[in-house]
Amino acid sequence: MASDWCRSTMAEMLKVLVTKYFLPSDKELMNRKAELARLDYQHVVWTRALDGDLFKAPVEELKHVLDVGTGTGIWAAELAKAYPDTEVLGTDLGKPTPPGVPPNCKFEEKDFTDQWAFAHEFDLVHCRLLFSAKHDPRQLLQQAYDSLAPGGYLELQEMYGFPMDVDGTLSGTVLERFFFSGVVGLMRLGNASLLSLPLYKQWMAEIGFEDVVELHRALPINGWAKGAYKAVGELMLKNIEAGLGGVFTRTFTNGLGWSPEEAADMVQRASDQIGDKSIHAYFPMLGAT
């Protein structure tokens, strides 16, 4: 049953997520099913931004794939369905148990900041949206490099922690203060890697990765953009609205020392403005293979 999956998956994840990823506590996540649905919806947003692809690396043969920080397991499960002859392993602090997982997809409870030890090497190591986790990105890159089979690829898919704009319309707004405060709060909680995405290509080359290719996309905060990005922005707006309260409330209170009332007021003000299409803001999205 989907409801049993929601309860068991969130119970496992919440044992350790609070201290590792600064996410809401069990008490704050009053609707666990809604939070899991938000994470899966986030996958839809990301896949849409990648032109419907699950990955961009030009891998010729996929025998073994590792999904680091698998979350609800949706990416790993979808990849396993698309490649039935590929063994897919998803790891995270909690072991997800989604319904309908194909037999070639497995999950293990592992902290990616610990030393990696797997039974075999991987043709593709996939890391997505790990920026909010407290970790050393160079250690992550090194461990991924050491875990690759000859000719294998690491694919990073990340979002810059602070939004940009195309015309100055974000400057001086509540949203600018809101997201800036979120970055400061996470950094005070120990996440010093939050804004390090521009350095990933250099770090990968220094470790030994060859012919590193960067892929740049934009995730508009709402539907202000035109063309294909308009639809991405509309999806992104729903994702942001669903996650504003829980993620940022803990960041503001624990990271900045704000009172619950101050945090709630800022979240409400941001919620009132996030859909304003006169603010032409977007989150930079970076892929590296």
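Guide: Gladly. Keep in mind that this is a predicted model.

Visitor: Why is Cys105 called buried?

Guide: Its relative accessibility is 4%. Buried means under 20%, so Cys105 qualifies.

Visitor: What makes Cys127 count as buried or exposed?

Guide: Cys127 has a relative accessible area of 0%. The limit for buried is under 20%, so Cys127 is buried.

Visitor: How many disulfides does the rule give?

Guide: The count is 0. To qualify, two cysteine sulfur atoms must lie within 2.5 Å.

Visitor: On to the rings. How many aromatic pairs are there?

Guide: The count comes to 13. One of them joins Trp116 and Phe118.

Visitor: What makes the pair of Trp116 and Phe118 edge-to-face?

Guide: Two values decide. The centres are 6.0 Å apart, and a pair needs them within 6.5 Å. The planes stand at 80 degrees, and edge-to-face needs over 60. Therefore the pair is edge-to-face.

Visitor: Trp116 and Phe118: buried, exposed or partly exposed?

Guide: Trp116 has 13% relative accessibility. That is under the 20% limit, so Trp116 is buried. Phe118 has 23%.

Visitor: Why is the pair of Phe162 and Phe180 called edge-to-face?

Guide: Their ring centres are 6.3 Å apart and their planes are at 90 degrees.

Visitor: What does the pair of Phe162 and Phe180 tie together?

Guide: Phe162 lies in the loop between strand S5 (148-159) and strand S6 (164-165). Phe180 lies in helix H6 (residues 174-188). The pair therefore ties together parts that are 18 residues apart in sequence.

Visitor: How do you know whether Phe162 is buried or exposed?

Guide: Phe162 has 18% relative accessibility. Buried means under 20%, so Phe162 is buried.

Visitor: Which residues form an aromatic cluster?

Guide: Phe178, Phe179, Phe248, Phe252, Trp258 and Phe283 form one.

Visitor: Now a threonine. Where is Thr86, and why is Thr86 called buried?

Guide: Thr86 sits in the loop between helix H4 (74-82) and strand S2 (87-92). Its relative accessible area is 2%. The limit is under 20%, so Thr86 is buried. Leaving out residues up to four places away in sequence, Thr86 touches Leu62, Lys63, His64, Val65 and Asn104.

Visitor: What share of the chain is buried?

Guide: Buried residues make up 51% of the 289 residues.

How values were computed. Residues are numbered from 1 along each chain as its sequence is written. This is a predicted model: local features need pLDDT of at least 70, side-chain atom pairs count only at pLDDT 80 or more; totals for chains, interfaces and linings use all residues. Side-chain values use heavy atoms; hydrogens and water are left out. Rings of Phe, Tyr and Trp (its six-membered ring) pair if their centres lie within 6.5 Å; planes under 30 degrees apart count as stacked, over 60 as edge-to-face and the rest as tilted. Buried means under 20% relative accessible area, exposed over 50%, partly exposed in between (1.4 Å probe, protein chains only). Helices (H or I, at least four residues) and strands (E, at least two) are DSSP runs, numbered from the N terminus. Contact means heavy atoms within 4.5 Å.
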